[in-house]
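I wanted to work through this protein in order, from the whole chain down to single residues, and to write down what I looked up at each step. My entries follow the display.

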Amino acid sequence: MSGQQEHPDKPAHDAAAVADDQASEATIRPARFSLIWVIPIVVVAIAAYLGWQTLSRRGPEITLEFQTADGLTAGQTQVKEKAVALGTVIGIALSNDLKRVEVRVRMNAQAKPFLTSNAQFWVVRPRLSGATVSGLDTLVSGAYIAVDPGSPGGQPQDHFKGLESPPGVRSDEPGRTYTLTTSSIGSISEGAPVFFRDVVVGEVLGYTMPPGGRGLIPVQVFVREPYDHYLRTDTRFWDVSGIRVDFSGGSLHLQVESLQAVLSGGVAFGLPQERRDKEATEAPDKAVFKLYDSKDDADTAGYHERLQIVSYFKSSVKGLAIGSPVDMFGLQVGNVTDVKLMLNRDTGDAQVRVAMEIQPERVFSDEEMSKGSMTEVTQALVNNGLRAETDSGNILTGSTVISFSFVPNATPEKITMEGNAIRLPSKQGGINGIMDSLSTVADKIAAMPLVQIGDNLNSLLAHTDSTVNGPELKDSLKQLSSTLQSVQHLASHADQGITPLMQRLPHIADELDQTVAHANTLLTSYGGNSDFHHSVQQTLDQLNETARSIRLLVDYLSRHPSSLLLGRGKP
């Protein structure tokens with residue numbers, strides 16, 4: 001039994017031994033790299049590279065504040081400078097007070113250097129400002145945010161307050177900024193053009209209301225290079241907004257600077273016609289100038305000498321206002337500076353005080369100005385009849401001007417001073433003076449006894465008719481006819497002898513005297529100063545001279561009867 005039990009266990013032992021021998025004889029082989037792992041490795045490498053590149057180009061995140069997010073879209077709207085993308089909007093949200101919109105923008109690394117306090121941001125969208133249209137390209141591409149880096153040297157920051165409209169001047173545009181002061185803006189708006197000799201050389205940047213709304217309003221303008229070098233310290237600016245209508249010179253003048261100036265307003269500047277300020281230099285940046293209402297006002301401001309004159313008028317000055325011209329022989333010599341009604345409570349006297357500012361340089365040269373005082377010149381003119389009067393500037397507009405004219409045979413007056421102003425005598429003139437003269441004539445005609453004069457004329461005509469048809473005139477005509485017949489008879493019988501002629505001539509002379517005396521009596525009763533009266537009187541004078549000549553002839557022949565044969569001897 002024991003032998004049988006040991007025999008079955010022997011094959012199992014042998015099999016295990018054989019397996020151990022085989023295991024000791026096996027070799028170990030290294031693991032092989034599978035090509036399937038290349039694709040994931042390449043993908044990971046590319047992703048790492050792109051991630052590193054994205055992170056290296058990634059700039060800071062900034063926040064912009066605008067009043068509205070109109071046209072902005074997160075993930076699409078870009079920030080551009082000179083058409084180069086510098087960032088993308090990543091989020092848009094309302095501010096905590098719900099008054100503004102906060103736009104978060106992821107900028108790239110290139111934009112990091114100019115994200116300073118000098119940078120400006122604004123949304124570019126289609127805009128219509130006056131006659132200027134901008135941003136039309138955004139109708140297709142959509143709105144974007146533009147940035148102006150500004151001048152270097154600002155403090156870095158990541159929160160900006162965006163502009164609601166594009167700035168008038170970019171930081172990289174050469175030129176200078178100036179300030180104009182005016183009491184009224186008129187139609188001047190932001191973006192309005194600045195003209196020099198009808199050429200657009202700049203634009204209006206904007207204006208700022210003074211504190212409390214009082215005082216002059218500063219208006220900022222920009223003039224591009226090289227036109228900014230034309231400005232001097234004596235340069236003058238004036239308003240050219242809208243359309244100006246002028247009736248000066250008796251004709252209609254219509255002035256339009258440009259369509260853009262009509263719609264959005266504008267200002268202009270020019271060089272003085274004659275540079276009186278020899279020390280004028282080039283105007284520096286940020287220089288301040290006064291803005292005048294018109295070119296005429298700007299030209300007037302170029303005269304340095306001012307003569308203050310005051311006149312008083314007791315007639316209507318309707319249409320006269322501050323700034324109205326003062327002319328002499330139709331040429332402007334000054335302007336009205338004040339018009340005021342003066343009432344005397346004690347005497348009840350009323351008159352209008354008109355203050356004027358005369359620019360002598362309009363008339364006299366610099367050499368003539370230095371020869372004497374203007375007070376002496378004014379006194380000489382007044383002695384020659386110079387007076388101030390109101391005159392019609394234009395009938396259509398009803399404007400009135402002050403005119404200096406000379407009155408013939410005027411009484412010389414001594415001018416007086418009213419403060420630093422010369423008081424110039426005045427007289428009524430213009431339409432008002434004509435109306436006053438007509439009123440005076442009408443009053444005189446109304447005061448005439450027209451009814452009594454008519455009655456006297458009727459009485460005179462009736463008396464004349466009775467005199468002409470009366471017996472006295474008929475008797476006078478009969479005597480005159482008889483006298484003429486006697487003269488004719490004497491002439492026809494003159495050949496009968498000198499003695500009858502001598503005897504008849506004194507009777508003829510007496511008859512002529514009687515006829516003239518009777519006719520004079522009739523004329524005295526007729527009266528008047530008519531042409532008929534003068535004609536009859538002239539005829540009677542001739543008859544009277546004829547009678548006198550006859551008497552002289554008779555007297556001479558009585559003393560010198562031989563003169564009929566020998567002629568009149570020499571005295």
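This is a predicted model: local features need pLDDT of at least 70, side-chain atom pairs count only at pLDDT 80 or more; totals for chains, interfaces and linings use all residues.

**Entry 1: the whole protein.** I began with the overall counts and found 13 helices and 26 strands. Of the 571 residues of the protein, 31% count as buried. The protein exposes about 36,600 Å², and carbon and sulfur atoms supply 56% of that area. I then looked at contacts between residues at least 6 apart in sequence, and 67% of these join residues at least 24 apart.

**Entry 2: the largest nonpolar core.** I asked myself which residues of the largest nonpolar core touch the most other members. The core has 22 residues, and those with the most such partners are Ile309, Val326, Val354, Met356, Ile358, Ile402 and Phe404. At least two core residues come from each of β19 (307–313), β21 (331–343), β22 (350–358), α7 (374–383), β23 (386–394) and β24 (399–406). The element that gives the most is β22, with 4 residues.

Entry 3: Since β22 gives the most to the core, I checked how well it is covered, and 7 of its 9 residues are buried. I reminded myself that in a regular strand the side chains alternate between the two faces of the sheet. Next I looked up the pairing: β19 and β22 run in the antiparallel sense over 7 bridges, and β21 and β22 also pair in the antiparallel sense, over 9 bridges. For a residue-level view of the pairing with β22, I noted that tyrosine 312 has arginine 353 as its bridge partner, and that leucine 341 stands opposite valine 352. The hairpin of β21 and β22 has 6 residues between the strands, and in this hairpin glycine 348 takes a positive phi near 75°.

**Entry 4: methionine 356 and threonine 378.** I picked methionine 356 to see its surroundings, leaving out residues up to four places away in sequence, and its contacts include Leu307, Ile309, Val326, Val336, Ile402 and Phe404. I then turned to threonine 378, which has its place in helix α7. Is threonine 378 buried or exposed? Its relative accessibility is 6%, so it counts as buried. Apart from neighbours within four places in sequence, threonine 378 is in contact with Leu307, Ile415, Ile422 and Leu424.

**Entry 5: aromatic rings.** I remembered that a pair of aromatic rings is described by the distance of the centres and the angle of the planes. The count for this model comes to 8 aromatic pairs. One of them is formed by phenylalanine 121 and phenylalanine 160, a tilted pair at 5.0 Å centre to centre with 55° between the planes. This pair links distant parts of the chain, with phenylalanine 121 in strand β5 (residues 120–124) and phenylalanine 160 in strand β9 (residues 159–161), 39 residues apart. Phenylalanine 121 counts as buried because its relative accessibility is 1%, and phenylalanine 160 is buried with a relative accessible area of 3%.

The rings of phenylalanine 237 and phenylalanine 289 have centres 5.3 Å apart and planes at 55°, so this pair is tilted. Phenylalanine 237 lies in strand β14 (residues 236–239) and phenylalanine 289 in strand β18 (residues 288–292), so the pair ties together parts 52 residues apart in sequence. Phenylalanine 237 counts as buried at 0% relative accessibility, and phenylalanine 289 is buried as well, at 7%. Both belong to a cluster linked by ring pairs, made of Tyr178, Phe196, Tyr227, Tyr230, Phe237, Phe269 and Phe289.

**Entry 6: lysines over rings.** I also looked for charges over ring faces, and found lysine 80 over the face of tyrosine 144, at 5.1 Å from the ring centre. Lysine 295 lies over the face of tryptophan 238, at 5.7 Å from the ring centre.

**Entry 7: isoleucine 92.** The C-alpha atoms of isoleucine 92 and valine 103 are separated by 4.6 Å, although the two residues are 11 apart along the chain. Beyond its neighbours within four places in sequence, isoleucine 92 is in contact with Ala69, Leu72, Thr73, Ala74, Val101, Glu102 and Val103.

Note on methods:
Residues are numbered from 1 along each chain as its sequence is written. Side-chain values use heavy atoms; hydrogens and water are left out. Contact means heavy atoms within 4.5 Å. Buried means under 20% relative accessible area, exposed over 50%, partly exposed in between (1.4 Å probe, protein chains only). Accessible areas come from the Shrake-Rupley method with a 1.4 Å probe; for residues, only the protein chains shown count as cover. A nonpolar core is a set of buried Ala, Val, Leu, Ile, Met, Phe, Trp, Tyr and Cys residues joined through side-chain atoms within 4.5 Å. Two strands pair if DSSP finds at least two bridges between them. Rings of Phe, Tyr and Trp (its six-membered ring) pair if their centres lie within 6.5 Å; planes under 30 degrees apart count as stacked, over 60 as edge-to-face and the rest as tilted. A charge sits over a ring if NZ of Lys or CZ of Arg is within 6 Å of the ring centre and within 35 degrees of the ring normal.
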